[in-house]
Amino acid sequence: MNRFKKLCCVLGTVFLLQGSVLLSAANGQESKIVKKYLAITESIRKEGLLHGRAFAMLKELTTQAPSRLGGSSGAAAAVELTRQMMQDMGFDNVHLESIIVQRWVRGVEEAAIVNSAAVGSVPLSVCALGNSIGTPEMGITAPVVEVDSFDELHKIGAGAKGEIIFFNRPMDPTEMNTFRAYGGAVDQRTQGAAEGAKVGAVAVLVRSVTTSLDDYPHTGMMRYNPGVKKIPAAAISTIDANFLSDLLKQEPDVQLHLKLGCKNLSPVPSANVAGQITGTEKPEEIILMGGHLDAWELGTGAHDDGAGCVHALEAVRLIKKLGLKPKRTIRAVMFMNEEFGSSGGREYAVAKERKGEKHVAAIESDRGGFLPIGFGVGGGEKTLRKVQSWFKLFEPLEMYWLRKGGGGGDIAPLAKQGTVMLGLVPDDQRYFNVHHSANDILHAVNDRELELGAIAMAIMAYMLSEEGI
Ligand SMILES: [Zn+2]
């Protein structure tokens, strides 16, 4: 063996040794954690599965405050209801934090009728998009031009003047992560009206951003651009989007009549709701769990995001019920107004009463109440490795992974303060079937899956409170 080879061998052995030392250190850490906490985390799991309250709480929320669009009387009822729930469950420091929210109302009138020479007048299943202006009282009647992207629209340019633009690009069904597929289609909903107005369109109709082929329109927020004319925007069900697309191939000059009664009113006061278990050793260090209390009012917001709210409530309740005394403060926050631009989350992050508090970590649940499969964890490699060393505590829940990711619209503003962002990740294959539609109701939520999400949140929050990050 020459000297170079010898050196390589020696170095290789050193690296191998170092590697196995690191590996065994990691294993050692993992088994220490399991030894210390498994009995506790198993008691959380069993308590939740035997005596869980998540579904009962969601039932109460969705029946007592079924319609919770920001600024509505239903949203105000949800604030009062969840404040009362926290108080009844004996949370500490239960309080409201006032914010001002935009107030948009759908109005009674929502209709689209296509007038075809071949099939006559056919009503289409549509709904206004959030923040859209209404049509004039008589409605708008215009020819329709179908596009699947802004590029295609810009190519048509002035040719679309005076027309209703029909954006018809579906979510990519081959994308396994449905949130990514949603991200690939939602620009039509959020920016379609602004892009349409630039070429002189009179309104836009957007294929519902859903994985489902059904007759329910899915609403959601849209935005206007400053200096660009505001035109009305509506979503159309996927079945009717396919129908309209087929019809346009046969009758390109078909006329569509659109009538929307929606409008923006003056902003109104509302509130975030917070309650906690105060930490015994580091009460000023906060582990936050949250979801958003407001919801689109076509359904009852059972998955989006009633589930996230009760995940946080139930997680705190479970920890209290078992008499655990976390070192750091574990706080549940019901954020207001996520659907209309996350003002609740922004206000929370800068609220004066936050002074002296340090938000160590925040966990958002805003991906529905389906079976929890993992957590996304922000904050860099070291943080990720630390949280991953707790994985065995989540194995009894049959969760698959703890990996890089995390965050959410409500907690995002805390990231500037160095708060580590985490996110509960339930199975997402069915979420966009119901998302922002009349099908987002309690019946679409499985009580056991919902409870497992709350248990997972409780275990993660408890571990963060004990071990820090
Ligand atoms: Zn949501």
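Guide: Start with two helices, H8 and H12, which lie oblique to each other. Oblique is what remains once angles under 35 degrees are called roughly parallel, over 145 roughly antiparallel, and 65 to 115 roughly perpendicular. This is a predicted model: local features need pLDDT of at least 70, side-chain atom pairs count only at pLDDT 80 or more, and totals for chains, interfaces and linings use all residues. Residues are numbered from 1 along each chain as its sequence is written.

H8 covers residues 302-321 and H12 covers residues 447-467. Their angle is about 55 degrees, and their axes are 8 Å apart. An axis is a line fitted to C-alpha atoms, for helices over the stretch in contact, and angles run from 0 to 180 degrees between N-to-C directions. Helices (H or I, at least four residues) and strands (E, at least two) are DSSP runs, numbered from the N terminus.

H8 passes H12 in a right-handed crossing. H8 brings residues including Ala-307, Val-310 and Leu-318 to the contact. Among those from H12 are Leu-450, Gly-453 and Tyr-462. Contact here means that C-beta atoms, placed from the backbone, lie within 7 Å. The contact residues of H8 and H12 divide into 13 nonpolar, two polar and one charged. Ala, Val, Leu, Ile, Met, Phe, Trp, Tyr, Cys and Pro count as nonpolar, Asp, Glu, Lys and Arg as charged, and the others, Gly among them, as polar.

H2 (residues 54-64) packs with H3 (residues 73-88) at about 150 degrees, with axes 10 Å apart. That angle makes H2 roughly antiparallel to H3. H2 also passes H3 in a right-handed crossing. Met-57, Glu-60, Leu-61 and Gln-64 of H2 meet Ala-77, Ala-78, Leu-81 and Met-85 of H3. Six of these contact residues are nonpolar, one is polar and one is charged.

Next, a sheet. Eight strands form an open sheet in the order S1-S10-S12-S11-S13-S16-S14-S15, and the pairing is mixed. Strands pair if DSSP finds at least two bridges between them. S1 (92-105) and S15 (401-404) are the edge strands; each has a single partner, so one side of each has no neighbour in the sheet. Neighbouring strands are turned by 20 degrees on average, direction ignored.

Look inside this sheet. S10 (residues 263-277) and S12 (residues 328-335) run antiparallel, joined by five bridges. Ile-277 has Ile-330 as its bridge partner in S12. Helix H9 (residues 343-350) packs on the sheet and touches S1, S10, S11 (282-292) and S12. The direction of H9 makes about 140 degrees with that of S1.

Finally, step back to the domains. Domain 1 takes in 37-104 + 266-467, and domain 2 takes in 107-261. These bounds come from an automatic or database domain assignment. The two domain centres, taken over C-alpha atoms, are separated by 34 Å. Across the boundary, 15 residues of domain 1 are in contact with 17 residues of domain 2. Helix H11 (residues 431-434) gives the most to the domain 1 side, with three residues. That side divides into seven nonpolar, six polar and two charged residues.

Definitions and conventions
Left-handed = near helix turned anticlockwise from the far one by under 90°. Contact = placed C-beta atoms within 7 Å.
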